[in-house]
Structure formats: C-alpha cells, structure tokens
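The sequence and structure come first, and the description follows.

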Amino acid sequence: MDLCLILSLLSDDILSRILDYVSDDSDLKSFRATCKSFHRVEAIHRTRIRFLRTEFIPGLLKNYSRADALDFSVCPRINDGTISVLLSDVSCLGWARRLKKVVLCRTTSLRFSGLEILVGSCPRLQAVDVSHCYQFGDREAAALSCAVELREIKMDKCLRLTDVGLAKIAIRCEKLEKISLKWCLEITDLGIDLLSKKCLRLKHLCVSYLKIGDESLRSLSSLTQLEVLVMVACGLVSDEGLRILGNGCPSLQVLDVSRCEHVTSAGLASITGDCKGLQKFNAGYYFLELSTTFFQNFKDLKHLKTVRLDGARVNDYFFQIISTNCLSLVEVSLSKCQGVDDAGVMQLAYGHPGLKLLDLTCCNNLSDMAISAIAHSCTKLLSLKLESCSLLTEKSFSFLGSSCVLLEELDLTECCVNDKGLEYLSKCVELQCLRLGICTDISDKGLSYIALNCKNLKELDLYRCTNVGDDGLGYIASGCRKIRTLNLCYCTKITDIGMTYLSQLGELSDLEMRNIHKVTSAGLTALASGCRKLSELDIKHCGNISDAGFWSLGYYSWNLQQINISYCGISDVGLCMMMSNLTRLQDVKLVNLSNVSVRGYELALRASCARLKKVKVIASLRPFLSVELLEALGANGCRIRWD
C-alpha cells in the first residue's frame, strides 16, 4: 500500500495517542517533519515549550496554543521588559491565562516587577522554578506569593531569600505541596516553623545546606502529609532532632540525612525504628560507624526500595539483614564504603535478583567472584558503577556482557579494562552511558566493538584514555550516532582528523577536550560546522587553535551556552568576534588568554554583557576593567569569578 495512503488513514486522534508515547525531542522533531498533518497534530498536542532564543518566543506561543508549561531557563535576556512585551503582544494572546508551570531557572535579570506582572496575569499558575536566580530576594518572593494556587515552588540557591520572603509565600500559598530551599542560606528555624504551620498540605520539602537545627525538625514533625524530606548537610541537626521527627511525620517515605555531621548512628537508629514506611533512605558520609541496632531496624523496613550508605563502614551482618528482609530493594549505593567484600556483595545479589541500580564505587576489594554473582542473579540491572574496582579482570566483563544485557549505565572509570573487555561489554546493546576514564589499556580497536553494537549510546567518557586516537572516534561517529555527551580530555593522540569524524555526530551537545594539542583551527571548524547542537564546549589548553577556529565557532555554533577557552591562543579580534556572535552564550571561562589585552577583554564582555550569567577571568585583570562594565554585568545578573 502506498505510504501516503497509509498516513491518510491515521486520524488526528490516533496520531495524538501515538504522541503520548513519544518523549525524546529528536523523535518529536522527526514526527512533525513527516508531513503537514503530522506537524499540525503535534502543535495541537504539545503542552510544553522550552525556549532557546528570545526572538522566537511570540511565534512559538502563537503556534502551540495548548502549551501550559513554559521553560525559559536556557533563553538569554529574559528580564522584566521581556515579560511585559510578551504579555502585551497581540499575536500570542491567551498564553498567560492557561499557564500552569513556568521554569525561570537562572533568569538572573528577572526581578520583582517582572515577576509581579507575570504572576498577576497567570491565574492558573501552579508550579514555579526560580532556582539559581541568586538575586532573587524577599521582594521577588512577595511577588511570587500572589500566585495563591501554587502547588510547587523551587528556589534553590536564591541567596537573598530570608525568613521574611519565605513567610510571605507560606502565608499566601497555603496549597503548597512541594518546596525546595536548597542553599537558601538566610533561611532559619523561624522560617521553617512558619512554613510548617501555614502549609499543612506539604508533601515534599528540601532544606539541604540550610543553617537549621532541631527546632525545625520539631516544627516539621507536625506535618502529617509530609512524604519526602531532603536535608543534606544540615550541620546543626542532631540525633535529638531525628528522634522528634520520627515521633511525627506518619507519612514519611523518603528521607535524606547524608552529610549531616552531628547526626550519629543513634539518631539513624531512632528514625529508622520509628518510620517503618520508609521507601528511600540516604545516610551517606559522616557515618563511619553504624551500630547493630541501626542494622537491626532494617528488618522492619519491608517497603524499602532504595538505600544509600555511601562512605560508611558496613559488615556481614548488614548484608545478612538486608538480603533476608528488605526484599523490595531495587537501588543500593555503597560508594566508598569500608567492609564491602565479595561475600557481602554475593549475599546482596542473590537476595535481590530484582536490583536495578547498584553503586560500588571505590569498593576496591571486590573481585570477579562478586561480579559473577551480580551478573548471574541481577539480570534486570540497569545501572552499575564500579569506578576504581581495580581487581576486576576480563572475566568480570565477560559475565556482565553475557548476562546483564539490559544495562543502560556502566561506570568503569580507572578499572583494568582492555579491548577484549570492551568486546565482551559490547553485548550490552542497551547501553546509553559508558564511562571509561583513565582506562589506559583500551584503544581504537576496543571502541570499534562498542560502536558496532551499542547503537543507543548517548554518553561516553574517555578521559585520559591515552591510546585512543582518530580511528576510535571514527568508529564511534559511524556507529553511535545518538551520542550527546563526550569527554576526550587528555586523549593526546587525537588530531583534526578525529574532529572531522566527530562532525558527523549531529546530536552532540556537550564536548570536553582539554589539552589536545594536535587539534588546530581546521579541526574546530569541522566540528563546529557539523555539530550544530553543541551547547557546552571545553577546549582549555588547546593551544594550537587560532582565531580562525574561534571565528568558525561564532559562525556555526549558535546554540553554545557554555564555553571554556582558558589558556588558548585567541586574540582580541577573535575573542570579540566570537563573543558578539554567540547570542546564546551565558557561561564563559576566559582565564590566562595571553594574546588578549585588557581592551580585548573589555570589548568582548561589553559585546555579550546583556546575556552573560557567569564569567571566570584571572583576578589580576580586575583593577584594569572599567567600573562601568562591572556594574553593567552585575545589573544584568552576571556573576564574575576572579580566579
């Protein structure tokens, strides 16, 4: 039957149902490029838009009339004026009234008046993300508090937010169910207490890195609907606070107390003894000695699915307890734990054949026996991290390749992997992430096996794989066309030929290639012209790239958001041209550019002042840059790091 006829038989309803199962952006792009009817249905079906450029926003809002979730996080120059213009644009009226979720992460130029206008125009707004807006303070919180229908708010690293701003949100947004305050360093026990009293529907709370103590946990213990509490590195919390928390919070299912330095094994035993409904528990680091009482409590955690005890000391009794009692476990992390040996891991593997994620990073006493048990028992494993497990041999990789065929993530950083090992591992055809950093025995031949079979690979780490050269990149480029993230730092054999191969990777967005001296402007030009989706690039110490290469970046790499060109040979002209042309550039590292003068720095930073959010330059340059420039960068929300 003719293809056009087949397509004509698919109704809009059928196409819409198909789209319900398509989540990958590349697949969606292919779908809407099929024909006009597919494009029309996709436009009707789409409810989420992620903006890349300011000038495209009105047209996208007009075309996608059902979109109720907007993401401005990677779009430069979002400020009060931008929001005001969008709300008054007659070509895209109505978008604000249907908006339910908005992501404003890193929009450092958006202040009180812009948020006030936005919130006032969006009566259905339920979720807001303003994380990493370091100038977000109490006035901005007051504007946000007018969104009385808010259910979810993320304010990570809003450094100027205090208890006053949090109080305004707590008092007016009583329907809040989820809030994240990570790194909001001005929040104290007082703010958390008011939040607990006003937002009684709270189910998910993150207070990591806050200077809060046991009084905050006393307040939180009254929240009967609280299900998730993340409190990483809350250094003032003690065992008493955990005891109080355990006596309340009957709905608690997820608890993260990792890096809480004043909590001991007694506090952990108290909370695990009282909260028998825990499904995820993280107590990594600072808990070197864990008591028998704590381990015994695992007998009653029948619903536990995830346990993370990174950096702790475990023993045979721990493995015996969780292997015979916590039968619902699907994720176990014992990274950098002492006491992890073959016998314990074998017991864990045979007791939990349904394990999907296992982290054994730096458990360097493990041998092939442990991996054999994992491979033969945990055949549903999706993620396995074995960094620095240096005793493993080819046998381990043979076991994994023959049994763990569903593996999607495998970390073998600093393991003794060779080409034969990669041949075995290439049978894991579902691999999406493979980390081989500092595996100096692998060569181009080993990568040829991976390229032949692992067609779904999206992330590959070859950091300091010094025997990998151009041919290896050629294999990867021809076989693994879906790669998005690639680390080639210190792979010193790579030349311009390798860059030409990489130019075939149309999906490549994140590339690290520090200290590759054989790559010149010709190689960078080939890379830039082929990899148009490149958004993050690190070419620090690539000293043989001249202005011509950077001009190519400015001409081709319009999607670049982050770049590190420290210690490169760029000149004043090259830097100014590149910085002015890269209209989406937001994060740039410009340390020790020996061919760039003070005037060159000044002009380049002025050319991109309105869109930069983060700049790193050498500290000795500070007295020579004009006060006017530094004030302009600060006014636009740009943070300068003086190295």
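## Cavities

The residues lining the largest cavity are Leu-104, Thr-107, Thr-108, Leu-110, Arg-111, Leu-115, Val-130, Cys-133, Gln-135, Phe-136 and Glu-140. The model is a predicted one. The volume of this largest cavity is about 70 Å³, and its lining is made up of 6 nonpolar, 3 polar and 2 charged residues. In total, the structure contains 3 cavities of 30 Å³ or more.

The second largest cavity holds about 50 Å³ of space. Thr-107 and Thr-108 are also among the residues that line this second largest cavity.

## Pockets

| Pocket | Volume | Lining by class |
|---|---|---|
| Largest pocket | about 1800 Å³ | 12 nonpolar, 11 polar, 24 charged residues |
| Second largest pocket | about 210 Å³ | 7 nonpolar, 2 polar, 6 charged residues |

The largest pocket has a volume of about 1800 Å³. Its lining consists of 47 residues, and Arg-50, Leu-52, Val-74, Gln-561 and Arg-584 are the closest to the pocket centre. Two or more lining residues come from each of helix H3 (25-32), strand E1 (48-50), strand E22 (587-589), strand E23 (614-617) and strand E24 (639-642). Helix H3 contributes the most to this lining, with 5 residues.

For the second largest pocket, 15 residues form the lining, and Glu-152, Ile-153, Lys-154, Lys-178 and Ser-180 lie nearest the centre. At least two lining residues are supplied by each of strand E3 (101-103), strand E4 (127-129), strand E5 (152-154), strand E6 (178-180) and strand E7 (204-206).

In soluble globular proteins, nonpolar side chains tend to be buried together. In this model, the largest nonpolar core has 198 residues, and Met-155, Leu-229, Met-231, Leu-488 and Ile-565 have the most contacts inside it. Helix H18 (residues 368-377) gives the most to this core, with 5 residues.

What does Met-155 touch, leaving aside residues up to four places away in sequence? Its contacts are Val-130, Ser-131, Phe-136, Leu-161, Leu-166, Ile-169, Ile-179, Ser-180, Leu-181, Lys-182 and Cys-184. Of these, Val-130 and Phe-136 also line the largest cavity, and Ser-180 is one of the residues nearest the centre of the second largest pocket.

## Helix H13 and its surroundings

The buried residues of helix H13 include Gly-241, Leu-242, Ile-244, Leu-245 and Gly-246. Buried residues of H13 pack against helix H12 (214-220), strand E8, strand E9 (254-256) and helix H14 (265-274). In the loop between strand E8 (228-230) and helix H13 (239-247) sits Ala-233. Although Ala-233 is not a glycine, its phi is positive, at about 55°. After H13 comes Cys-249, which also has a positive phi, near 45°.

## Other local features

Lys-336 is another non-glycine residue with a positive phi, of about 60°. It lies in the loop between strand E12 (331-333) and helix H17 (342-351). Is Lys-336 buried, partly exposed or exposed? Lys-336 counts as partly exposed because its relative accessibility is 47%, between the limits of 20% and 50%.

Leu-190 belongs to helix H11 (residues 189-198). Its relative accessibility is 61%, so Leu-190 counts as exposed. Between the C-alpha atoms of Leu-190 and Arg-532, which are 342 residues apart along the chain, the separation is 49 Å.

## Annotated domain

An unreviewed UniProt entry assigns the annotation "domain: F-box/LRR-repeat protein 15-like leucin rich repeat" to residues 159-276, 312-475 and 478-553. In the span 159-276, the end C-alpha atoms are 36 Å apart, and the content is 39% helix and 10% strand. For residues 478-553, the end C-alpha atoms are 23 Å apart, with 34% helix and 12% strand.

Terms used
Residues are numbered from 1 along each chain as its sequence is written. This is a predicted model: local features need pLDDT of at least 70, side-chain atom pairs count only at pLDDT 80 or more; totals for chains, interfaces and linings use all residues. Side-chain values use heavy atoms; hydrogens and water are left out. A nonpolar core is a set of buried Ala, Val, Leu, Ile, Met, Phe, Trp, Tyr and Cys residues joined through side-chain atoms within 4.5 Å. Buried means under 20% relative accessible area, exposed over 50%, partly exposed in between (1.4 Å probe, protein chains only). Helices (H or I, at least four residues) and strands (E, at least two) are DSSP runs, numbered from the N terminus. Contact means heavy atoms within 4.5 Å. On a 1 Å grid over the protein atoms alone, a cavity is a set of points where a 1.4 Å probe fits but cannot get out, and a pocket is an open set with protein on both sides within 12 Å along at least five of seven lines; lining residues have an atom within 4 Å of a point. Grid points are joined across faces, edges and corners, and a volume is the space filled by probe spheres set on the points. Ala, Val, Leu, Ile, Met, Phe, Trp, Tyr, Cys and Pro count as nonpolar, Asp, Glu, Lys and Arg as charged, and the others, Gly among them, as polar. UniProt positions are given in the numbering used here, feature names are shortened, and annotations may be inferred rather than shown by experiment.
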